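This report walks through one protein model, part by part. Please keep the sequence and the structure in view while reading.

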Amino acid sequence: MTPHAASLETEKLCRLAPVIPVLVVDDAASAAPLAEALVAGGLPVLEVTLRTPAALDVIREMAQVTGGIMGAGTLLTPEDVANAKAAGARFGVSPGATDTLLAACEEHDLPLLPGAATASEAMALLERGYNVQKFFPAEANGGASALKAIGAPIPQVRFCPTGGVSLQNAGEYLSLPNTLCVGGSWVAPKDKVTAGDWAGITALAKEAAALPR
Ligand code: 3PG
């Protein structure tokens with residue numbers, strides 16, 4: 001898959017809802033009800049971070065949930081890419097980008113939302129053909145005002161800012177012309193996942209899905 005084709009696909013996914021939940025799931029038994037709760041709340045595109053031993057099983061379980069589109073986050077190596085794809089991930093997300101990682105995603109036909117934190121990183125990815133990127137870590141990097149400033153000279157790159165984004169500040173990003181959607185973990189807090197409070201998670205998802213953009 002070319003970087004251009006990957007970006008067309010990630011743009012489509014980013015336009016499906018204002019928020020992509022970023023999920024850190026410890027127990028694969030939570031996977032299906034968690035995904036169902038988020039999809040029911042209007043957030044169909046989900047990122048499962050490869051940060052727990054259960055993550056690949058979680059993706060496998062979530063990939064069966066009707067109406068959901070599962071992606072794998074925290075992709076760092078070609079092995080991560082192969083594992084994510086085999087588990088059923090339909091897209092990938094990475095905190096930054098290396099040639100090795102980009103090549104692996106292109107080879108495995110896994111549309112990647114690659115991370116960039118600076119104008120130079122955004123330019124390097126754009127040069128390769130990725131015009132849809134993740135701005136990470138968004139808040140620590142200067143937040144919406146930094147992303148707005150990057151958009152002045154490089155308006156052709158559109159972003160999904162992630163890292164420190166919340167219901168309170170999501171609107172600042174979503175009002176920017178270079179922001180397609182935001183990513184965040186606030187819609188699936190650990191205490192609610194552990195307690196199996198799926199109705200509570202659906203309520204958080206509904207609130208996030210209603211954010212204007
Ligand atoms: C992460 O690094 O886990 C993601 O960027 C999500 O960040 P958040 O927990 O601040 O939403």
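## Terms and basis

Contact here means that heavy atoms lie within 4.5 Å. The model is a predicted one, in which local features need pLDDT of at least 70 and side-chain atom pairs count only at pLDDT 80 or more, while totals for chains, interfaces and linings use all residues. Residues are numbered from 1 along each chain as its sequence is written, and side-chain values use heavy atoms, with hydrogens and water left out.

## A residue of helix 1

E11 belongs to helix 1, which covers residues 3-14; helices (H or I, at least four residues) and strands (E, at least two) are DSSP runs, numbered from the N terminus. E11 counts as buried because its relative accessibility is 15%, where buried means under 20% relative accessible area, exposed over 50% and partly exposed in between, with a 1.4 Å probe and protein chains only. When neighbours within four places in sequence are set aside, E11 is in contact with V132, R158 and L180.

Six strands form an open sheet in the order 5-4-3-2-1-9, with parallel pairing; two strands pair if DSSP finds at least two bridges between them. Strand 5 (112-113) and strand 9 (182-184) stand at the edges, and each has a single partner strand, so one side of each is left without a neighbour in the sheet.

Strand 2 (residues 45-49) and strand 3 (residues 69-73) run parallel and are joined by five bridges, and T49 stands opposite G73 in strand 3. Helix 2 (residues 31-40) packs on the sheet, where it touches strand 1 (19-23), strand 2 and strand 3, and its direction makes about 165 degrees with that of strand 1; axes are lines fitted to C-alpha atoms, for helices over the stretch in contact, and angles run from 0 to 180 degrees between N-to-C directions.

## The nonpolar cores

A nonpolar core is a set of buried Ala, Val, Leu, Ile, Met, Phe, Trp, Tyr and Cys residues joined through side-chain atoms within 4.5 Å. The largest one has 59 residues, and L23, L34, L38, M62, L75, V182 and W186 have the most contacts inside it. Helix 2 gives the largest share of this core, five residues.

Not counting residues up to four places away in sequence, M62 touches L23, A31, L34, A35, L46, V48 and M70. Another core, of twelve residues, lies apart from the largest one, and includes C14, I20, V93 and L113.
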